[in-house]
Amino acid sequence: MDDRFNTAAGWILFSGIVALGASIASGMYFHADSHDYPEGKDFGFFIEGEEEEGGGEAGPDLGTLLAAADATAGEAVFAKCSACHTVNQGGANGIGPNLWGVLGTPIGAHAAGFAYSSALKDKGGTWDYAAMDAWLANPRGFANGTKMSFAGLSKPEDRANVIAYMKANGGGPDYPAPAAPAEEAAADAPGAGEGPVEGAPVDGAEAAGAMSADQPVAAANAATDTGGATKVD
């Protein structure tokens, strides 16, 4: 029995040695422990996500968005805010302040008796449309340390509609004018539509073609004497 046990143990030990040797050999062959990846190869992977801000084309300006904003659509979006805010005249403060007539008022001082965070009180300025748009997009980015935990509205159209709804509840300043389209701005640029700019290169053929056919042209024969002066006949 001892002989059979010794034989079995020997085979097991031999098998282990063979397996270890094979592992070392394969590692050396395939460079399993090497981190020298082929040049130009990327062995990582990417998870698709939202494009970073500024990576895509710029959307409509705030004036254009507000000109097309819909207060009724904004009321539906404002439902996300109604757990913390009231917007009716004389409404009570809740977790957040009452927002009746907030547009155009000082930031962090609109609702009497509400305990604004120091981050918002120290922000300064007024709730103009640009400030309100930035606040609705990212409250903590607008005033780091604010007590408002809402993540923000990522869609510019949603923010414009909410602002229109807020203006419908208490008024506010006039909307900013929409930016002029690029074509109109180019047409209105100084010097647009005028002749060639002084100092600009002129095509000789174009200049000759532009000259009237019946315009007299002075002919001059120039000759250079030995002194290098030019003689005109």
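## Contacts, core and helix packing in a predicted model

Setting aside residues up to four places away in sequence, Thr105 touches His110, Thr126 and Trp127. The model is a predicted one, and the values below are computed from it.

Thr105 is found in the loop between H3 and H4. Its relative accessibility is 16%, so Thr105 counts as buried. The side chain of Thr105 also reaches the backbone oxygen of Val102, at 2.6 Å.

Is Ser117 buried or exposed? Ser117 counts as buried because its relative accessibility is 9%. Apart from neighbours within four places in sequence, Ser117 is in contact with Gly145, Thr146 and Lys147. Ala112, in contrast, counts as exposed, at 72% relative accessibility. Along the sequence, Ala112 and Pro97 are 15 residues apart, while in space their C-alpha atoms are 8.7 Å apart.

| Residue | Relative accessibility | Class |
|---|---|---|
| Thr105 | 16% | buried |
| Ala112 | 72% | exposed |
| Ser117 | 9% | buried |
| Cys81 | 13% | buried |
| Cys84 | 31% | partly exposed |

In soluble globular proteins, nonpolar side chains tend to be buried together. The largest nonpolar core in this model has 30 residues, and those with the most contacts inside it are Leu120, Trp127, Met132, Trp135 and Phe142. Two or more residues of this core come from each of helix H2 (62–67), helix H3 (71–78), helix H4 (118–121), helix H5 (129–137) and helix H7 (156–168).

Which residues does Leu120 contact, leaving aside its neighbours within four places in sequence? They are Ile107, Gly108, Trp127, Trp135, Phe142 and Ala143.

Helix H5 holds several buried residues: Tyr129, Ala131, Met132, Asp133, Trp135 and Leu136. Among them, Met132 and Trp135 have already been named for their contacts in the core. The buried residues of H5 pack against H2, H4, helix H6 (139–142) and H7. At the start of H5, the backbone nitrogen of Ala130 has a side-chain oxygen of Asp128 within 3.4 Å.

Helices H3 and H7 form a further pair. Two packed helices are described by the angle between their axes and the distance between the axes. The axes of H3 and H7 come within 7 Å, and they cross at roughly 100°. That angle makes H3 roughly perpendicular to H7. On the H3 side, the residues that meet H7 are Ala71, Ala73, Gly74, Glu75, Val77 and Phe78. On the H7 side, their partners are Asp158, Asn161, Val162, Ala164, Tyr165 and Ala168.

The last topic is the cysteines. A disulfide is a covalent bond between the sulfur atoms of two cysteines. How many disulfides does a search of the whole structure find? The search finds zero. Cys81 is in no disulfide, and the nearest cysteine sulfur, which belongs to Cys84, is 8.3 Å away. Cys84 is likewise in no disulfide, with the sulfur of Cys81 as its nearest cysteine sulfur, at 8.3 Å. Cys81 is buried, because its relative accessible area is 13%. Cys84, at 31% relative accessibility, counts as partly exposed.

Notes:
Residues numbered from 1 in each chain as written. Predicted model: local features only at pLDDT ≥ 70, side-chain atom pairs only at ≥ 80, totals over all residues. Heavy atoms only, no water. Core = buried A, V, L, I, M, F, W, Y, C linked by side-chain atoms within 4.5 Å. Buried < 20%, exposed > 50% of the residue type's maximum accessible area, 1.4 Å probe, protein only. Helix = DSSP H or I, 4+ residues; strand = E, 2+ residues; numbered from the N terminus. Contact = heavy atoms within 4.5 Å. Polar contact = N/O pair within 3.5 Å; in protein donor to acceptor, adjacent residues only side chain to side chain. Disulfide = S-S within 2.5 Å. Axes fitted to C-alpha atoms, helices over the stretch in contact; angles between N-to-C directions. Parallel < 35°, antiparallel > 145°, perpendicular 65-115°, else oblique.
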